[in-house]
Amino acid sequence: MDKSKVTAIVLAAGKGKRMNSSLAKQFLMLHQRPILYYSLKAFEESSVDEIVLVTGEDQVVYCRENIVKQYKIGKVSQIIVGGSERYDSVYKALLAVEKSDYVLIHDGARPFISKDLIENVILQVKTHRACILGTPVKETIKVINTDGYIAASPDRSTLWNAQTPQAFEYETIKKAYTIFNQDKDRDRNKMTDDAMIYETYLNQPVKMLLGDYRNIKITTPEDLAIAEALIDDLLC
Ligand code: CTP
Ligand code: MG
């Protein structure tokens, strides 16, 4: 039997600037439950062994009392305080994980992650060492220059949207993040996901797995209307 330990890191320490709401988007209500509840519930019901929840300093008590205790998310072993950028939050969580064979890093702002997709990511990371979910882009993507003119039109058949969870061998992704943190020339702001840090600092392959178009990241106000429609669809 495979006894390897799998830890999920669920990120909920962002401020949600693009959402323009006073309450951080991961705590907005969707069908009477906070958005963050849904991904925690999916990991709780999966074969993940442990969940490390990362949130803001002022939100630790709310997370513990109103989400973890209230909805009995028993796999949450730690609720830690994140950092100012997503990669700071991830690094803090990686350091807080005591021992694990694999980690799955997930945006708490993606409530529609399913247990089946989580199970596939766990299965695949054991073969590929690093893998992420994504979907082929539907629209033509343009690269623009600083003047706002089109600089390139990459071949759409090679382009995918990256989603989470993103899964890695624990020691390997920790090493990538440690090197990244020590890099004085790092162009930090461009590191918008974990795979980028892994690719850039370790130069090792990351397998792309087919995710689900419903696994959206709630980012701007119009995503809330989409989320309401998706949750109605799931619940009926
Ligand atoms: N996140 C985090 N710590 C940060 C920044 C982001 O844990 N310092 C989390 C968010 O809570 C979210 C996920 O990372 O679940 C993806 O980030 P994003 O969608 O960019 O969320 P925000 O940073 O909150 O939003 P914005 O960029 O619009 O401010
Ligand atoms: Mg952000």
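In which strand does alanine 12 lie? I found alanine 12 in strand S1. Before going on, I noted that this is a predicted model, in which local features need pLDDT of at least 70 and side-chain atom pairs count only at pLDDT 80 or more, while totals for chains, interfaces and linings use all residues. I also noted that residues are numbered from 1 along each chain as its sequence is written, that chains are lettered from A and ligands numbered from 1 in the order in which they are written, and that side-chain values use heavy atoms, with hydrogens and water left out. My labels for helices (H or I, at least four residues) and strands (E, at least two) are DSSP runs, numbered from the N terminus.

**Entry: alanine 12**

Is alanine 12 buried or exposed? I read a relative accessibility of 1%, so alanine 12 counts as buried. For this word I use under 20% relative accessible area, with exposed over 50% and partly exposed in between (1.4 Å probe, protein chains only). I then listed what alanine 12 touches, leaving out residues up to four places away in sequence: Gln26, Phe27, Leu36, Leu53, Val54, Thr55, Gly56 and Gln59. Contact here means heavy atoms within 4.5 Å. From alanine 12 to phenylalanine 168 I count 156 residues in sequence and 20 Å in space, C-alpha to C-alpha.

**Entry: the sheet**

What is the order of the strands in the open sheet? I wrote down S5-S4-S1-S6-S10-S7-S11, which is 7 strands with mixed pairing. Two strands pair if DSSP finds at least two bridges between them. Strand S5 (76-81) and strand S11 (207-210) are at the edges with a single partner strand each, so one side of each has no neighbour in the sheet. From one strand to the next, the twist averages 25 degrees.

I followed the pairs next. S4 and S5 run parallel and are joined by 5 bridges; valine 52 has glutamine 78 in S5 as its bridge partner. S6 and S10 pair in the antiparallel sense over 4 bridges, and isoleucine 105 stands opposite glutamine 166 in S10. S7 and S10 also run antiparallel, with 6 bridges. Here I found alanine 130 opposite phenylalanine 168 and isoleucine 132 opposite glutamine 166. On to S11: S7 runs parallel to it over 4 bridges, with leucine 133 opposite leucine 209.

How covered are these strands? In S10 (residues 160-169), 7 of the 10 residues are buried. In S7, 6 of the 7 residues are buried. A reminder to myself: in a regular strand the side chains alternate between the two faces of the sheet.

**Entry: a loop residue**

For contrast I looked up threonine 158, which sits in the loop between strand S9 (150-152) and S10. Threonine 158 is exposed, at 56% relative accessible area.

**Entry: the cores**

How many residues does the largest nonpolar core have? I noted 43. Such a core is a set of buried Ala, Val, Leu, Ile, Met, Phe, Trp, Tyr and Cys residues joined through side-chain atoms within 4.5 Å. Leu36, Leu40, Val48, Ile51, Leu53 and Leu104 have the most contacts inside it. Among the elements giving two or more residues to this core are strand S1 (6-12), helix H1 (35-44) and helix H7 (221-235). H1 gives the most, with 7 residues. Of the 10 residues of H1, 9 are buried, so this helix is largely enclosed by the rest of the structure.

Apart from this core lies another, of 27 residues, including Val52, Phe168, Ile197 and Tyr201.

**Entry: two helices**

Last, I checked how helix H5 (residues 170-182) packs against helix H6 (residues 194-202): the angle is about 75 degrees and the axes are 9 Å apart. Axes are lines fitted to C-alpha atoms, for helices over the stretch in contact, and angles run from 0 to 180 degrees between N-to-C directions. That makes H5 roughly perpendicular to H6, a label for 65 to 115 degrees. Among the residues making the contact are Ile173 and Tyr177 of H5 and Ile197 and Tyr201 of H6. H6 also lies across S6, S7 and S10, at about 70 degrees to S10.

Technical notes: Angles under 35 degrees count as roughly parallel, over 145 as roughly antiparallel, 65 to 115 as roughly perpendicular and the rest as oblique.
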